[in-house]
Amino acid sequence: MSGLLPLPPQTWLDAIQVIFLLCAGHALMDYPLQGEFLSTCKNRHLLSARNDPTRPVSIWPLCMTAHCLLHAVMVWAVTGCFVLCLVELALHWIIDFAKCENWTTFHQDQWLHIICKIGYVVVAMLL
């Protein structure tokens, strides 16, 4: 399966375009398409504090995974690389878990995601 742009990029301009699309996809998945449900329910601490019987704390791993799957599929759609899809799934899960545990700030979380996107493209160019 091929992505929206060639991977590995053939030129630095191609690389910048892939990074741009990956970051745009990230913004789309993290803001308008995440929604209140996933935003709240991927965080076990928010669920616990709300004490809502319709949203038991036990759903947080499923909600975190669902959110990260959306990001992973976006990476796959842009790059056409299933391995990067799996890498994104794992890294996004770890990074968001760290944010939900208050180990990182919102800004650190977002920079870590952007660094991952840049890293995917750099590694693809070096291979």
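## The end of the chain

Leu127 lies in the segment that follows helix α6. The model described here is a predicted one. Leu127 counts as exposed because its relative accessibility is 83%, and a residue is called exposed when that value is over 50%. Although Leu127 and Pro8 are 119 residues apart in sequence, their C-alpha atoms are 8.2 Å apart in space.

Met125, by contrast, belongs to helix α6 itself. Its relative accessibility of 25% makes Met125 partly exposed, because this class lies between the limits of 20% for buried and 50% for exposed residues. Apart from neighbours within four places in sequence, Met125 is in contact with Pro8, Pro9, Thr11, Trp12 and Ala15. Met125 and Leu112 are 13 residues apart along the chain, and 20 Å separates their C-alpha atoms.

## The chain as a whole

The secondary structure of the protein chain consists of 6 helices and 0 strands. Read from the N terminus, the order of elements is therefore α-α-α-α-α-α. The C-alpha trace spans about 50 × 30 × 25 Å along its principal axes.

Of the 127 residues in the protein chain, 39% count as buried. The chain exposes about 7200 Å², and 74% of this area is supplied by carbon and sulfur atoms. Among contacts with a separation of 6 or more, 59% are made by residues 24 or more positions apart.

## Helices α1 and α6

How do the two helices α1 and α6 pack, and at what angle? Helix α1, residues 12-30, and helix α6, residues 106-126, pack at an angle of about 145°, and their axes are 10 Å apart. Their crossing is right-handed.

On the side of α1, the contact is made by Trp12, Ala15, Val18, Ile19, Leu22, Cys23, His26 and Asp30. On the side of α6, the contributing residues are Gln110, His113, Ile114, Lys117, Ile118, Tyr120, Val121 and Met125. Sorted by class, this contact contains 11 nonpolar, 3 polar and 2 charged residues.

## Helix α4

Helix α4 covers residues 60-79, a run of 20 residues. At 1.5 Å a residue, the helix should span 28 Å, and the distance of 29 Å between its end C-alpha atoms agrees with this expectation.

The buried residues of α4 are Trp60, Cys63, Met64, His67, Cys68, His71, Ala72, Met74, Val75, Val78 and Thr79. These buried residues pack against α1, α2 (35-41), α3 (44-50), α5 (82-100) and α6. Just after α4 comes Gly80, with a positive phi of about 75°.

## Two asparagines in loops

Which residue lies in the loop between α3 and α4? Asn51 is found there, and Asn51 has a positive phi of about 50° although it is not a glycine. With a relative accessibility of 66%, Asn51 counts as exposed.

The loop between α5 and α6 contains Asn102. Phi of Asn102 is near 65°, again a positive value in a residue other than glycine. Asn102 is exposed, because its relative accessible area is 67%.

Note on methods. Residues are numbered from 1 along each chain as its sequence is written. This is a predicted model: local features need pLDDT of at least 70, side-chain atom pairs count only at pLDDT 80 or more; totals for chains, interfaces and linings use all residues. Side-chain values use heavy atoms; hydrogens and water are left out. Axes are lines fitted to C-alpha atoms, for helices over the stretch in contact, and angles run from 0 to 180 degrees between N-to-C directions. Helices (H or I, at least four residues) and strands (E, at least two) are DSSP runs, numbered from the N terminus. A crossing is left-handed if the near helix is turned anticlockwise from the far one by less than a right angle, and right-handed if clockwise. Contact means heavy atoms within 4.5 Å. Ala, Val, Leu, Ile, Met, Phe, Trp, Tyr, Cys and Pro count as nonpolar, Asp, Glu, Lys and Arg as charged, and the others, Gly among them, as polar. The expected span of a helix is 1.5 Å times one less than its number of residues. Buried means under 20% relative accessible area, exposed over 50%, partly exposed in between (1.4 Å probe, protein chains only). Accessible areas come from the Shrake-Rupley method with a 1.4 Å probe; for residues, only the protein chains shown count as cover.
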